[in-house]
Amino acid sequence: MTEQLRLMAVHAHPDDESSKGAATMAKYVSEGVDVLVVTCTGGERGSILNPKLQGDKYIEEHIHEVRKREMDEAREILGVRQEWLGFVDSGLPEGDPLPPLPEGCFALEDVGLAAGPLVRSIRHFRPQVITTYDENGGYPHPDHIMTHKITMVAFEGAADTEKYPEAEFGPAFQPQKLYYNQGFNKPRTLALHEALLARGMESPYGEWLERWKEFERAERTLTTHVPCAEFFEIRDKALIAHATQIDPDGGWFRVPLDLQKEVWPTEEYELAKSLVDTSLPEDDLFAGVRDNA
């Protein structure tokens with residue numbers, strides 16, 4: 001290799017990096033790949049989802065600081081670099097009709113302007129591969145959808161010196177591949193569900209699979225399965241570091257790791273853009289890139 005491989009993972013909130021593609025990142029870190037997590041917001045409007053921490057006044061009043069410390073711990077566990085884009089969490093609107101989004105939040109930013117800081121980060125870090133969410137955000141949180149939008153603009157914009165002048169954003173650079181995280185896919189969920197039932201164990205996925213029927217959404221194309229089972233423990237440890245968001249006794253951890261490793265030892269991605277030749281399906285996000293590095 002004449003040039004180090006670099007992977008950028010663009011996420012909406014602290015904790016997203018640990019629930020989506022964390023084992024993949026840890027695997028690449030172990031191989032010497034330089035991995036950078038870019039977090040768009042501080043998670044300021046996130047709820048305290050861990051019942052053991054609900055009602056804690058300090059956490060409620062200092063949620064931004066607490067989530068930053070959690071991100072610091074998760075970053076160390078995964079062995080990645082991490083930076084903040086500095087946008088304000090939009091929150092997840094609830095109700096019928098849905099309330100308006102709060103003024104000044106990430107999801108209400110102008111997409112072209114909001115892509116600027118990410119363009120700057122891409123030009124500085126120079127990743128060959130970027131991962132983010134699909135157009136649905138993975139699930140329809142306004143910040144996830146906005147993360148998708150600015151990443152799509154920045155993937156092209158990093159090479160566009162007219163829209164994003166080098167004097168302000170740094171020397172132009174064109175990433176070579178862009179992927180959507182698709183770890184929460186139906187084939188994986190169904191495989192784990194059936195494996196648990198076959199072993200006489202309770203499955204946490206029954207309700208998920210019922211809801212899938214209601215959505216009637218087309219299945220995504222899983223182009224890339226990255227083998228990373230030996231890093232599932234690191235993934236779970238990083239996720240637990242986000243203590244306000246994750247209950248260590250909750251549904252995330254009800255499937256034994258040995259069963260996960262046996263039944264579904266990969267994390268999945270959908271190749272959205274590629275400027276290099278590659279053959280599908282892949283087992284490596286850098287397929288087609290390594291030969292040119």
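This is a predicted model: local features need pLDDT of at least 70, side-chain atom pairs count only at pLDDT 80 or more; totals for chains, interfaces and linings use all residues.
Trainee: Let's take helices. How do I describe α4 and α10?

Mentor: Two packed helices are described by the angle between their axes and the distance between the axes. Helices here are DSSP runs (H or I, at least four residues), as are strands (E, at least two), numbered from the N terminus. Axes are lines fitted to C-alpha atoms, for helices over the stretch in contact, with angles from 0 to 180 degrees between N-to-C directions. The axes of α4 (residues 63-78) and α10 (residues 232-241) come within 8 Å and cross at roughly 170 degrees. The two are therefore roughly antiparallel (under 35 degrees is roughly parallel, over 145 roughly antiparallel, 65 to 115 roughly perpendicular, the rest oblique).

Trainee: Which residues make that contact?

Mentor: From α4 it's Glu-70, Glu-73, Ala-74, Ile-77 and Leu-78; from α10, Ile-234, Lys-237, Ala-238 and Ala-241. Contact means heavy atoms within 4.5 Å.

Trainee: On to strands. Which strands pair with β7, and in what sense?

Mentor: In a regular strand the side chains alternate between the two faces of the sheet. Two strands pair if DSSP finds at least two bridges between them. Strand β5 (residues 177-181) runs antiparallel to β7 (residues 266-274), joined by five bridges, and Lys-177 stands opposite Ser-274. Strand β6 (residues 224-227) is also antiparallel to β7, over four bridges; there, Thr-224 has Tyr-269 as its bridge partner.

Trainee: Is Gln-82 buried or exposed?

Mentor: Gln-82, in strand β3 (residues 81-87), counts as buried because its relative accessibility is 14%. Buried means under 20% relative accessible area, exposed over 50%, partly exposed in between (1.4 Å probe, protein chains only). The Gln-82 side chain also makes a polar contact with the side chain of Thr-39, at 2.9 Å. A polar contact is a pair of N or O atoms within 3.5 Å; within protein, one must be able to donate a hydrogen and the other to accept it, and residues adjacent in sequence count only if both atoms are side-chain atoms.

Trainee: And what does Asn-50 sit against?

Mentor: Asn-50 lies in the loop between β2 (34-41) and α3 (57-61), and at 4% relative accessibility it counts as buried. Beyond four places in sequence, Asn-50 contacts Ala-243, Thr-244, Ile-246, Asp-247 and Pro-248. Asn-50 and Asp-247 are 197 residues apart in sequence, yet 4.7 Å apart C-alpha to C-alpha. A polar atom of the Asn-50 side chain lies 3.0 Å from the backbone oxygen of Ala-243.

Trainee: Last one: where are the cis peptide bonds and positive phi values?

Mentor: Most residues other than glycine have a negative phi, and most peptide bonds are trans. Here the bond from Asp-96 to Pro-97 is cis, with omega near 5 degrees, and so is the bond from Leu-280 to Pro-281, with omega near 0 degrees. Asp-15 has a positive phi, near 110 degrees, in the loop between β1 (6-11) and α1 (16-19). Arg-126 has phi near 60 degrees, in the loop between α5 and β4 (129-132).

Terms used. Residues are numbered from 1 along each chain as its sequence is written. Side-chain values use heavy atoms; hydrogens and water are left out.
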